[in-house]
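Here are my notes on the model you sent. Please read them with the structure open.

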Amino acid sequence: MNQGDKPVADNKLYKNKILATKISGISLPMYLIMLAVLILIMAMHKLPNNILGAVLVLTLLGHLFYFIGEKLPIFNSYLGGGSVFCIFASAALATFGIIPADTVDITKNFINNMGFLDFYIAALITGAILGMNRNLLLKASVRFIPVALLSMIITFFAVGLVGMLLGNGFGHSVMYVSLPIMAGGIGAGVVPLSSIYGHALGQSSATMISQLIPASALGNVIAIISAAMVAKVGKDTKYDGHGILMEIDPKYSKTRQVEPDIMQMGVGMLMALTFFMIGTILNSLVPKVHTYAFIIIVVILCKTFNLLPQYYEDAAIMFNQLIVKNLTHAVLAGIGIALLNLSLLASALTWQFVVLCLTSIITISLASAFIGKMFGLFPVESVITAGLCNNSMGGTGNVAVLSASNRMGLIAFAQMGNRLGGAIVLVIAGILIQFLH
(Lines give C-alpha, C1' and ligand atoms only; values in the text may rest on other atoms or scores of the structure.)
Protein backbone atom coordinates (compact mmCIF):
# COMPACT_ATOMS: atom_id res chain seq x y z
CA MET A 1 0.00 0.00 0.00
CA ASN A 2 1.45 3.37 -0.96
CA GLN A 3 1.37 6.50 1.20
CA GLY A 4 -1.64 7.90 -0.63
CA ASP A 5 -3.79 4.88 0.32
CA LYS A 6 -3.33 5.32 4.10
CA PRO A 7 -6.17 7.82 4.71
CA VAL A 8 -8.57 5.50 2.91
CA ALA A 9 -7.48 2.56 5.04
CA ASP A 10 -7.72 4.65 8.24
CA ASN A 11 -11.18 5.85 7.25
CA LYS A 12 -12.30 2.26 6.64
CA LEU A 13 -10.88 1.18 10.00
CA TYR A 14 -12.73 4.03 11.73
CA LYS A 15 -16.01 3.04 10.06
CA ASN A 16 -15.53 -0.59 11.05
CA LYS A 17 -14.86 0.46 14.64
CA ILE A 18 -18.12 2.44 14.73
CA LEU A 19 -20.08 -0.44 13.22
CA ALA A 20 -18.53 -2.81 15.76
CA THR A 21 -19.58 -0.61 18.71
CA LYS A 22 -22.31 -2.20 20.80
CA ILE A 23 -24.60 -0.69 23.42
CA SER A 24 -25.75 -3.44 25.79
CA GLY A 25 -25.34 -6.07 23.10
CA ILE A 26 -26.97 -4.03 20.29
CA SER A 27 -24.90 -2.74 17.38
CA LEU A 28 -24.75 1.04 17.09
CA PRO A 29 -26.65 1.23 13.74
CA MET A 30 -29.46 -0.96 15.11
CA TYR A 31 -29.57 1.08 18.32
CA LEU A 32 -29.90 4.31 16.34
CA ILE A 33 -32.80 2.83 14.36
CA MET A 34 -34.58 1.89 17.60
CA LEU A 35 -33.88 5.34 19.02
CA ALA A 36 -35.25 6.99 15.86
CA VAL A 37 -38.49 4.99 16.20
CA LEU A 38 -38.77 6.10 19.84
CA ILE A 39 -38.17 9.77 18.98
CA LEU A 40 -40.72 9.62 16.16
CA ILE A 41 -43.49 8.11 18.26
CA MET A 42 -42.81 10.57 21.11
CA ALA A 43 -42.94 13.47 18.64
CA MET A 44 -46.28 12.15 17.33
CA HIS A 45 -47.54 11.90 20.95
CA LYS A 46 -48.54 8.29 20.25
CA LEU A 47 -46.38 6.56 22.86
CA PRO A 48 -48.60 3.89 24.51
CA ASN A 49 -49.53 4.78 28.08
CA ASN A 50 -48.67 1.34 29.42
CA ILE A 51 -45.78 -1.03 30.03
CA LEU A 52 -44.88 -1.08 26.31
CA GLY A 53 -44.21 2.64 26.00
CA ALA A 54 -42.59 3.13 29.41
CA VAL A 55 -40.22 0.16 29.17
CA LEU A 56 -39.05 1.22 25.69
CA VAL A 57 -38.35 4.80 26.85
CA LEU A 58 -36.52 3.78 30.03
CA THR A 59 -34.54 0.91 28.54
CA LEU A 60 -33.34 2.71 25.42
CA LEU A 61 -32.47 5.93 27.23
CA GLY A 62 -31.04 4.12 30.24
CA HIS A 63 -28.64 1.94 28.26
CA LEU A 64 -27.63 4.85 26.01
CA PHE A 65 -26.85 7.25 28.86
CA TYR A 66 -25.05 4.55 30.84
CA PHE A 67 -22.89 3.82 27.78
CA ILE A 68 -22.07 7.52 27.32
CA GLY A 69 -21.34 8.02 31.02
CA GLU A 70 -18.88 5.14 31.01
CA LYS A 71 -16.99 6.80 28.15
CA LEU A 72 -16.86 10.37 29.51
CA PRO A 73 -13.46 11.00 31.20
CA ILE A 74 -14.63 12.94 34.27
CA PHE A 75 -17.75 10.88 34.90
CA ASN A 76 -16.09 7.49 34.53
CA SER A 77 -13.17 8.50 36.76
CA TYR A 78 -14.67 10.58 39.55
CA LEU A 79 -18.47 10.93 39.36
CA GLY A 80 -19.84 7.42 39.24
CA GLY A 81 -19.63 6.76 35.52
CA GLY A 82 -22.68 5.54 33.68
CA SER A 83 -24.98 5.26 36.71
CA VAL A 84 -24.71 8.90 37.76
CA PHE A 85 -24.72 10.22 34.19
CA CYS A 86 -27.80 8.13 33.41
CA ILE A 87 -29.75 9.64 36.33
CA PHE A 88 -28.77 13.26 35.62
CA ALA A 89 -29.13 13.08 31.84
CA SER A 90 -32.60 11.57 32.21
CA ALA A 91 -33.56 14.17 34.82
CA ALA A 92 -32.39 16.94 32.49
CA LEU A 93 -34.57 15.61 29.66
CA ALA A 94 -37.63 15.78 31.90
CA THR A 95 -36.83 18.99 33.81
CA PHE A 96 -36.04 21.08 30.74
CA GLY A 97 -38.84 19.71 28.54
CA ILE A 98 -36.56 18.01 26.02
CA ILE A 99 -38.87 15.00 25.96
CA PRO A 100 -42.63 15.65 25.66
CA ALA A 101 -44.65 16.17 28.83
CA ASP A 102 -46.94 13.23 28.02
CA THR A 103 -43.90 10.93 27.79
CA VAL A 104 -42.74 12.16 31.20
CA ASP A 105 -46.23 11.52 32.62
CA ILE A 106 -46.31 8.00 31.18
CA THR A 107 -42.92 7.27 32.70
CA LYS A 108 -43.83 8.74 36.09
CA ASN A 109 -47.05 6.73 36.16
CA PHE A 110 -45.15 3.56 35.34
CA ILE A 111 -42.50 4.21 38.00
CA ASN A 112 -44.83 5.43 40.76
CA ASN A 113 -48.13 3.63 40.19
CA MET A 114 -47.60 0.47 38.14
CA GLY A 115 -45.17 -1.33 40.45
CA PHE A 116 -42.10 -1.34 38.18
CA LEU A 117 -39.72 -0.55 41.05
CA ASP A 118 -41.46 -3.09 43.28
CA PHE A 119 -40.98 -5.72 40.57
CA TYR A 120 -37.30 -4.85 40.21
CA ILE A 121 -36.53 -4.64 43.93
CA ALA A 122 -38.42 -7.85 44.74
CA ALA A 123 -36.24 -9.69 42.21
CA LEU A 124 -33.10 -8.09 43.67
CA ILE A 125 -33.87 -8.87 47.31
CA THR A 126 -35.01 -12.44 46.71
CA GLY A 127 -32.11 -13.41 44.48
CA ALA A 128 -29.47 -11.58 46.54
CA ILE A 129 -30.44 -13.20 49.84
CA LEU A 130 -31.05 -16.70 48.49
CA GLY A 131 -27.79 -16.52 46.55
CA MET A 132 -25.82 -15.58 49.67
CA ASN A 133 -24.07 -18.11 51.82
CA ARG A 134 -26.14 -18.85 54.92
CA ASN A 135 -23.21 -18.42 57.35
CA LEU A 136 -22.21 -15.10 55.80
CA LEU A 137 -25.80 -13.83 55.87
CA LEU A 138 -26.32 -14.58 59.56
CA LYS A 139 -22.94 -13.32 60.77
CA ALA A 140 -23.05 -10.15 58.68
CA SER A 141 -26.66 -9.26 59.61
CA VAL A 142 -25.93 -9.35 63.35
CA ARG A 143 -23.03 -6.93 62.88
CA PHE A 144 -24.54 -4.74 60.18
CA ILE A 145 -27.67 -3.54 62.01
CA PRO A 146 -25.90 -1.90 64.99
CA VAL A 147 -23.37 -0.28 62.63
CA ALA A 148 -26.19 1.28 60.58
CA LEU A 149 -28.16 2.52 63.60
CA LEU A 150 -25.14 3.94 65.48
CA SER A 151 -23.98 5.75 62.33
CA MET A 152 -27.41 7.34 61.92
CA ILE A 153 -27.47 8.53 65.55
CA ILE A 154 -24.04 10.17 65.23
CA THR A 155 -25.07 11.81 61.95
CA PHE A 156 -28.28 13.18 63.49
CA PHE A 157 -26.34 15.05 66.17
CA ALA A 158 -23.60 16.18 63.79
CA VAL A 159 -26.13 17.86 61.46
CA GLY A 160 -27.83 19.51 64.41
CA LEU A 161 -24.57 20.89 65.83
CA VAL A 162 -23.37 22.20 62.46
CA GLY A 163 -26.82 23.78 62.01
CA MET A 164 -26.37 25.60 65.30
CA LEU A 165 -22.97 26.92 64.15
CA LEU A 166 -24.50 28.13 60.86
CA GLY A 167 -27.34 29.90 62.66
CA ASN A 168 -30.04 27.52 61.41
CA GLY A 169 -30.67 26.08 64.85
CA PHE A 170 -30.39 22.48 66.04
CA GLY A 171 -34.10 21.71 65.76
CA HIS A 172 -34.65 23.13 62.28
CA SER A 173 -31.52 21.44 60.92
CA VAL A 174 -32.38 17.95 62.14
CA MET A 175 -36.09 18.18 61.34
CA TYR A 176 -35.73 19.54 57.80
CA VAL A 177 -32.36 18.15 56.70
CA SER A 178 -31.14 15.20 58.77
CA LEU A 179 -34.38 13.27 59.25
CA PRO A 180 -35.69 13.68 55.64
CA ILE A 181 -32.36 12.42 54.29
CA MET A 182 -32.42 9.36 56.57
CA ALA A 183 -36.17 8.70 56.37
CA GLY A 184 -35.94 6.06 53.63
CA GLY A 185 -36.95 7.88 50.45
CA ILE A 186 -40.11 9.64 49.26
CA GLY A 187 -42.99 7.16 49.52
CA ALA A 188 -41.90 5.41 52.71
CA GLY A 189 -40.10 8.39 54.24
CA VAL A 190 -40.82 11.97 53.19
CA VAL A 191 -44.54 11.44 52.58
CA PRO A 192 -45.34 10.02 56.06
CA LEU A 193 -42.85 12.48 57.56
CA SER A 194 -44.74 15.40 55.97
CA SER A 195 -47.97 14.03 57.42
CA ILE A 196 -46.42 13.80 60.88
CA TYR A 197 -45.07 17.36 60.68
CA GLY A 198 -48.27 18.74 59.17
CA HIS A 199 -50.45 17.20 61.87
CA ALA A 200 -48.23 18.53 64.67
CA LEU A 201 -47.89 22.04 63.17
CA GLY A 202 -51.44 22.42 61.90
CA GLN A 203 -50.39 22.63 58.25
CA SER A 204 -51.16 20.55 55.18
CA SER A 205 -48.91 17.67 54.17
CA ALA A 206 -48.48 19.30 50.75
CA THR A 207 -46.99 22.40 52.37
CA MET A 208 -44.58 20.33 54.42
CA ILE A 209 -43.50 17.95 51.67
CA SER A 210 -42.09 20.77 49.51
CA GLN A 211 -39.78 21.63 52.42
CA LEU A 212 -38.62 18.04 52.89
CA ILE A 213 -38.06 16.74 49.35
CA PRO A 214 -35.00 18.94 48.57
CA ALA A 215 -33.00 17.43 51.45
CA SER A 216 -33.92 13.90 50.41
CA ALA A 217 -33.07 14.61 46.76
CA LEU A 218 -29.76 16.39 47.35
CA GLY A 219 -28.69 13.83 49.94
CA ASN A 220 -29.44 11.12 47.41
CA VAL A 221 -27.38 12.82 44.68
CA ILE A 222 -24.36 13.33 46.94
CA ALA A 223 -24.66 9.75 48.25
CA ILE A 224 -24.56 8.32 44.71
CA ILE A 225 -21.47 10.31 43.74
CA SER A 226 -19.83 9.54 47.10
CA ALA A 227 -20.45 5.80 46.68
CA ALA A 228 -18.63 5.83 43.35
CA MET A 229 -15.71 7.75 44.86
CA VAL A 230 -15.47 5.48 47.93
CA ALA A 231 -15.44 2.38 45.71
CA LYS A 232 -12.73 3.91 43.52
CA VAL A 233 -10.51 5.18 46.35
CA GLY A 234 -10.83 1.96 48.36
CA LYS A 235 -10.39 -0.37 45.38
CA ASP A 236 -7.93 -3.23 46.01
CA THR A 237 -6.95 -1.90 49.43
CA LYS A 238 -7.25 -3.87 52.67
CA TYR A 239 -10.50 -1.99 53.32
CA ASP A 240 -12.17 -3.32 50.16
CA GLY A 241 -14.34 -6.41 50.52
CA HIS A 242 -15.02 -6.60 46.76
CA GLY A 243 -18.77 -6.75 47.39
CA ILE A 244 -18.56 -8.96 50.51
CA LEU A 245 -19.57 -7.25 53.76
CA MET A 246 -17.20 -9.05 56.14
CA GLU A 247 -14.17 -11.28 56.07
CA ILE A 248 -15.11 -14.93 56.17
CA ASP A 249 -13.80 -18.27 54.96
CA PRO A 250 -13.43 -17.87 51.15
CA LYS A 251 -15.59 -20.93 50.52
CA TYR A 252 -18.50 -19.05 52.16
CA SER A 253 -17.96 -15.76 50.32
CA LYS A 254 -18.20 -17.10 46.78
CA THR A 255 -21.42 -16.24 44.94
CA ARG A 256 -23.16 -19.38 43.78
CA GLN A 257 -22.81 -19.83 40.03
CA VAL A 258 -25.87 -21.13 38.19
CA GLU A 259 -26.32 -22.16 34.58
CA PRO A 260 -29.17 -20.14 32.97
CA ASP A 261 -32.34 -22.11 32.27
CA ILE A 262 -35.24 -20.34 30.57
CA MET A 263 -38.01 -22.21 32.38
CA GLN A 264 -36.24 -21.94 35.71
CA MET A 265 -36.02 -18.16 35.24
CA GLY A 266 -39.81 -18.14 35.06
CA VAL A 267 -39.91 -20.08 38.32
CA GLY A 268 -37.60 -17.45 39.81
CA MET A 269 -39.99 -14.69 38.74
CA LEU A 270 -42.88 -16.43 40.49
CA MET A 271 -40.71 -16.85 43.60
CA ALA A 272 -39.92 -13.13 43.69
CA LEU A 273 -43.54 -12.13 43.13
CA THR A 274 -44.79 -14.56 45.78
CA PHE A 275 -42.38 -13.19 48.36
CA PHE A 276 -43.55 -9.69 47.45
CA MET A 277 -47.18 -10.72 48.01
CA ILE A 278 -46.29 -12.25 51.39
CA GLY A 279 -44.64 -8.95 52.31
CA THR A 280 -47.75 -7.08 51.15
CA ILE A 281 -50.02 -9.29 53.28
CA LEU A 282 -47.85 -8.76 56.37
CA ASN A 283 -47.66 -5.00 55.66
CA SER A 284 -51.47 -4.84 55.60
CA LEU A 285 -51.48 -6.41 59.07
CA VAL A 286 -48.66 -4.20 60.41
CA PRO A 287 -48.71 -1.03 58.24
CA LYS A 288 -45.86 0.67 60.10
CA VAL A 289 -43.39 -1.93 58.79
CA HIS A 290 -42.62 -1.50 55.09
CA THR A 291 -43.36 -4.27 52.60
CA TYR A 292 -39.68 -4.51 51.63
CA ALA A 293 -38.72 -5.06 55.27
CA PHE A 294 -41.14 -7.97 55.50
CA ILE A 295 -39.78 -9.45 52.25
CA ILE A 296 -36.26 -9.33 53.68
CA ILE A 297 -37.37 -10.94 56.95
CA VAL A 298 -39.28 -13.76 55.24
CA VAL A 299 -36.54 -14.53 52.70
CA ILE A 300 -33.87 -14.50 55.44
CA LEU A 301 -35.97 -16.94 57.48
CA CYS A 302 -36.28 -19.22 54.46
CA LYS A 303 -32.52 -19.07 53.95
CA THR A 304 -31.68 -19.48 57.64
CA PHE A 305 -33.80 -22.59 58.13
CA ASN A 306 -33.14 -24.06 54.65
CA LEU A 307 -36.85 -24.08 53.83
CA LEU A 308 -36.37 -23.97 50.06
CA PRO A 309 -34.83 -26.71 47.90
CA GLN A 310 -31.76 -25.61 45.95
CA TYR A 311 -33.73 -25.70 42.68
CA TYR A 312 -35.90 -22.78 43.84
CA GLU A 313 -32.97 -20.84 45.26
CA ASP A 314 -31.16 -21.22 41.92
CA ALA A 315 -34.31 -20.09 40.11
CA ALA A 316 -34.42 -16.89 42.18
CA ILE A 317 -30.73 -16.26 41.51
CA MET A 318 -31.23 -16.69 37.74
CA PHE A 319 -34.15 -14.29 37.69
CA ASN A 320 -32.17 -11.80 39.77
CA GLN A 321 -29.33 -11.91 37.24
CA LEU A 322 -31.72 -11.51 34.31
CA ILE A 323 -33.36 -8.43 35.85
CA VAL A 324 -30.14 -6.79 37.05
CA LYS A 325 -28.44 -7.25 33.68
CA ASN A 326 -31.31 -5.90 31.59
CA LEU A 327 -33.31 -3.45 33.73
CA THR A 328 -30.88 -1.69 36.08
CA HIS A 329 -30.15 1.09 33.58
CA ALA A 330 -33.88 1.47 32.93
CA VAL A 331 -34.45 1.93 36.68
CA LEU A 332 -31.73 4.59 36.81
CA ALA A 333 -33.36 6.46 33.91
CA GLY A 334 -36.70 6.17 35.70
CA ILE A 335 -35.22 7.68 38.86
CA GLY A 336 -34.00 10.65 36.83
CA ILE A 337 -37.23 11.24 34.94
CA ALA A 338 -39.78 10.48 37.66
CA LEU A 339 -38.10 11.32 40.97
CA LEU A 340 -35.38 13.94 40.45
CA ASN A 341 -36.61 17.45 39.67
CA LEU A 342 -33.52 19.54 38.99
CA SER A 343 -35.42 22.84 39.17
CA LEU A 344 -36.80 22.05 42.65
CA LEU A 345 -33.36 20.96 43.75
CA ALA A 346 -31.69 24.12 42.43
CA SER A 347 -34.23 26.39 44.15
CA ALA A 348 -33.29 24.98 47.57
CA LEU A 349 -29.53 25.28 47.15
CA THR A 350 -28.53 27.87 49.72
CA TRP A 351 -24.96 27.41 50.89
CA GLN A 352 -26.14 26.57 54.42
CA PHE A 353 -28.45 23.86 53.07
CA VAL A 354 -25.67 22.35 50.96
CA VAL A 355 -23.26 22.38 53.92
CA LEU A 356 -25.81 20.55 56.10
CA CYS A 357 -26.43 17.90 53.43
CA LEU A 358 -22.68 17.43 52.99
CA THR A 359 -22.34 17.16 56.77
CA SER A 360 -24.86 14.33 56.78
CA ILE A 361 -23.10 12.43 54.00
CA ILE A 362 -19.56 12.94 55.32
CA THR A 363 -20.48 12.11 58.93
CA ILE A 364 -22.41 8.94 58.13
CA SER A 365 -19.59 7.80 55.82
CA LEU A 366 -16.89 8.30 58.46
CA ALA A 367 -19.03 6.86 61.25
CA SER A 368 -20.01 3.74 59.31
CA ALA A 369 -16.38 3.22 58.22
CA PHE A 370 -14.96 3.34 61.76
CA ILE A 371 -17.84 1.55 63.50
CA GLY A 372 -18.02 -1.01 60.70
CA LYS A 373 -14.29 -1.72 61.13
CA MET A 374 -14.84 -2.17 64.87
CA PHE A 375 -17.61 -4.69 64.17
CA GLY A 376 -15.50 -6.62 61.67
CA LEU A 377 -17.00 -5.26 58.44
CA PHE A 378 -15.00 -4.12 55.44
CA PRO A 379 -15.04 -0.27 55.63
CA VAL A 380 -15.78 0.24 51.92
CA GLU A 381 -18.85 -2.00 52.02
CA SER A 382 -19.88 -0.64 55.41
CA VAL A 383 -19.74 2.97 54.16
CA ILE A 384 -21.80 2.14 51.09
CA THR A 385 -24.51 0.03 52.77
CA ALA A 386 -24.70 1.14 56.42
CA GLY A 387 -23.80 4.73 55.55
CA LEU A 388 -24.62 6.08 52.10
CA CYS A 389 -27.66 3.88 51.47
CA ASN A 390 -29.15 5.37 54.64
CA ASN A 391 -28.79 8.82 53.08
CA SER A 392 -30.44 7.79 49.81
CA MET A 393 -34.02 7.91 48.53
CA GLY A 394 -35.13 4.48 49.72
CA GLY A 395 -35.26 1.56 47.32
CA THR A 396 -34.51 3.60 44.20
CA GLY A 397 -31.70 5.44 45.93
CA ASN A 398 -30.20 2.15 47.10
CA VAL A 399 -30.19 0.84 43.53
CA ALA A 400 -28.43 4.00 42.33
CA VAL A 401 -25.86 3.98 45.15
CA LEU A 402 -25.07 0.29 44.72
CA SER A 403 -24.96 0.57 40.94
CA ALA A 404 -22.55 3.51 41.10
CA SER A 405 -20.23 1.52 43.40
CA ASN A 406 -20.73 -1.82 41.62
CA ARG A 407 -22.07 -3.43 44.81
CA MET A 408 -25.55 -4.54 43.67
CA GLY A 409 -25.15 -7.86 45.50
CA LEU A 410 -25.48 -5.99 48.80
CA ILE A 411 -29.08 -4.86 48.13
CA ALA A 412 -30.43 -6.96 51.01
CA PHE A 413 -28.26 -5.16 53.58
CA ALA A 414 -28.94 -1.77 51.99
CA GLN A 415 -32.69 -2.33 52.23
CA MET A 416 -32.36 -3.77 55.73
CA GLY A 417 -30.66 -0.66 57.09
CA ASN A 418 -32.78 1.70 55.02
CA ARG A 419 -36.13 0.29 56.10
CA LEU A 420 -35.24 -0.30 59.74
CA GLY A 421 -33.57 3.10 60.03
CA GLY A 422 -36.39 4.82 58.15
CA ALA A 423 -39.02 3.36 60.48
CA ILE A 424 -37.06 4.53 63.52
CA VAL A 425 -36.70 8.02 61.98
CA LEU A 426 -40.49 8.32 61.64
CA VAL A 427 -41.01 7.37 65.29
CA ILE A 428 -38.34 9.82 66.47
CA ALA A 429 -39.72 12.58 64.23
CA GLY A 430 -43.20 12.16 65.73
CA ILE A 431 -41.73 12.73 69.18
CA LEU A 432 -39.24 15.50 68.40
CA ILE A 433 -41.59 17.66 66.32
CA GLN A 434 -43.46 18.38 69.54
CA PHE A 435 -40.35 19.98 71.05
CA LEU A 436 -38.09 21.20 68.24
CA HIS A 437 -40.41 23.07 65.86
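1. **Basis.** This is a predicted model, where local features need pLDDT of at least 70, side-chain atom pairs count only at pLDDT 80 or more, and totals for chains, interfaces and linings use all residues. Residues are numbered from 1 along each chain as its sequence is written, and side-chain values use heavy atoms, with hydrogens and water left out.

2. **Confidence.** Helices here are DSSP runs of H or I, at least four residues, numbered from the N terminus.

3. **Main core.** The largest nonpolar core holds 116 residues. Such a core is a set of buried Ala, Val, Leu, Ile, Met, Phe, Trp, Tyr and Cys residues joined through side-chain atoms within 4.5 Å. Buried means under 20% relative accessible area, exposed over 50%, and partly exposed in between (1.4 Å probe, protein chains only). Tyr120, Phe275 and Phe413 have the most contacts inside this core. Helix H15 (residues 310–339) gives the largest share of this core, 12 residues.

4. **Tyrosine 120.** Leaving out residues up to four places away in sequence, Tyr120 touches Ile323, Leu327, Thr328, Val331, Val399 and Met408. Contact means heavy atoms within 4.5 Å.

5. **Second core.** A separate core of 19 residues also exists. Tyr176, Leu179, Leu193 and Val425 are among its members.

6. **Cavity.** How many cavities of 30 Å³ or more are there? The count is one. A cavity is a set of points, on a 1 Å grid over the protein atoms alone, where a 1.4 Å probe fits but cannot get out; lining residues have an atom within 4 Å of a point. Grid points are joined across faces, edges and corners, and the volume is the space filled by probe spheres set on the points. The largest cavity comes to about 30 Å³.

7. **Cavity lining.** Ile87, Phe88, Asn220, Val221, Ile224, Ile335 and Leu340 line the largest cavity. Helix H5 (81–95) and helix H11 (205–233) each supply at least two of the lining residues. H11 gives the largest share, three residues. The lining divides into six nonpolar, one polar and no charged residues. Here Ala, Val, Leu, Ile, Met, Phe, Trp, Tyr, Cys and Pro count as nonpolar, Asp, Glu, Lys and Arg as charged, and the others, Gly among them, as polar.

8. **Helix H19.** Look at residues 394–404. Here 11 of the 11 residues are buried, so helix H19 is largely enclosed by the rest of the structure. Just after H19, asparagine 406 takes a positive phi of about 55 degrees.

9. **Cysteine 389.** This residue sits in the loop between helix H18 (379–387) and H19. Cysteine 389 counts as buried because its relative accessibility is 0%. Beyond four places in sequence, cysteine 389 touches Ile384, Asn398, Val401, Leu402, Ala414 and Asn418.

10. **Glutamine 264.** Helix H13 (residues 262–285) contains glutamine 264.

11. **Serine 343.** Serine 343 lies in helix H16 (residues 342–347). Serine 343 is partly exposed, with a relative accessible area of 41%. The C-alpha atoms of serine 343 and threonine 95 are 6.8 Å apart, across 248 residues along the chain.

Technical notes: On a 1 Å grid over the protein atoms alone, a cavity is a set of points where a 1.4 Å probe fits but cannot get out, and a pocket is an open set with protein on both sides within 12 Å along at least five of seven lines; lining residues have an atom within 4 Å of a point.
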